[in-house]
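Thanks for coming. I have one chain to show today, and I will go from the whole down to a single residue. Please take a moment with the picture first.

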Amino acid sequence: MLTEHQIEQFYKDGFLLIPSVWTKEQIVELRHTLINLFASEIQFKGDTPQLRIDIFARYKQLHWLIVHPPLVAALKSLLGNDFVYLPEMAAHKSFYSSWHKDTTSQEAAGNIFQWQPNYLMVEAAIYLQDNDEYGGGLDVIPGSHLYPDLRTNPAAPEFWQKITPTPSTYSVPSKAGDLVLFDFRIDHKATLPTNSSIEEIPEEKRKLAIFLACSANNEHVVNYKQFISSRSDYHYLKDHQYPDDLLALVKHHNLLLI
Ligand SMILES: O=C(O)CCC(=O)C(=O)O
């Protein structure tokens, strides 16, 4: 469960680092699971050598993760006891995104519901290595979840220019086992290695990460699902179904998965 101070910090900064949500043994197990997953042949349209999508529908060995009590407690504190897991759950291997908001695409498509006062969608990021000179974590612009999107809104540059102090970047110092929660609207990117090229990163430090999209339980869940279902790269959502054993597990824990 998060403290009031942590919740305030999240609302102010747009992200929160929560230490030691997983044990060292669980991180070793997750790294092992993901290494095997990425070593196996691509089976599903939309997957790539760096990306596996819809991971909870497809991989039973990961089911325990979404009912992991410390994760669930953190999400309930922030999003409410009836929070919703969204159908956007992925694993990354050696993938490095550049600056964006997770609302950039929906905004580019003309949606504005992400700026409604009750909108609250977060990404629960599980980085399976420390964020250090090899990268492997998240860079953010603290506070930018409240600033307009520079990529979609013509008025944004003028807005950003007037902000004091000038917005700056911050590399979240996460350790393997920590949880990073970030608002979909925060400007963020993957932390790059500082001393080596991506190819030179030692195997045990190779970036592996899992992202779970979650929301407060309100009308924007339907808005977002409608938006992603309309995207051609989310073809897995056509006739999407979770397996019965996952639905039973989630129900047993009084959680919601749409
Ligand atoms: O690649 C990363 O580590 C950052 C995650 C990200 O950009 C995203 O989930 O939108």
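**The chain as a whole**

The chain has an accessible surface of about 12400 Å², and carbon and sulfur atoms hold 55% of that; the areas are Shrake-Rupley values with a 1.4 Å probe, and for residues only the protein chains shown count as cover. A word on the source: this is a predicted model, in which local features need pLDDT of at least 70 and side-chain atom pairs count only at pLDDT 80 or more, while totals for chains, interfaces and linings use all residues. Residues are numbered from 1 along each chain as its sequence is written, and side-chain values use heavy atoms, with hydrogens and water left out.

The chain contains 9 helices and 10 strands. Those are DSSP runs numbered from the N terminus, helices being H or I with at least four residues and strands E with at least two. The radius of gyration is 18 Å, close to the 18 Å from the globule rule for 258 residues, so the chain is as compact as a globular protein of that length. That radius is taken over C-alpha atoms, and the rule is 2.2 Å times the number of residues to the power 0.38. Along the principal axes, the C-alpha atoms fill a box of roughly 50 × 45 × 40 Å.

How much of the chain is buried? Of its 258 residues, 51% count as buried, where buried means under 20% relative accessible area, exposed over 50%, and partly exposed in between (1.4 Å probe, protein chains only).

**Strand β3 and its partners**

Now to strand β3, residues 84-93, where 9 of the 10 residues are buried. Two strands pair if DSSP finds at least two bridges between them. β3 runs antiparallel to β9, with 7 bridges, and Val84 has Ser215 in β9 as its bridge partner. Strand β2, residues 51-53, is also antiparallel to β3 and is joined to it by 3 bridges; here Leu51 is partnered with His92.

Last, Phe211, which sits in strand β9, residues 208-215. Why does Phe211 count as buried? Because its relative accessible area is 10%. Leaving aside residues up to four places away in sequence, Phe211 touches several residues, among them Glu88, Met89, Ala90 and His92, and also Tyr127; contact means heavy atoms within 4.5 Å. Phe95 is 116 residues from Phe211 in sequence, and their C-alpha atoms are 12 Å apart.
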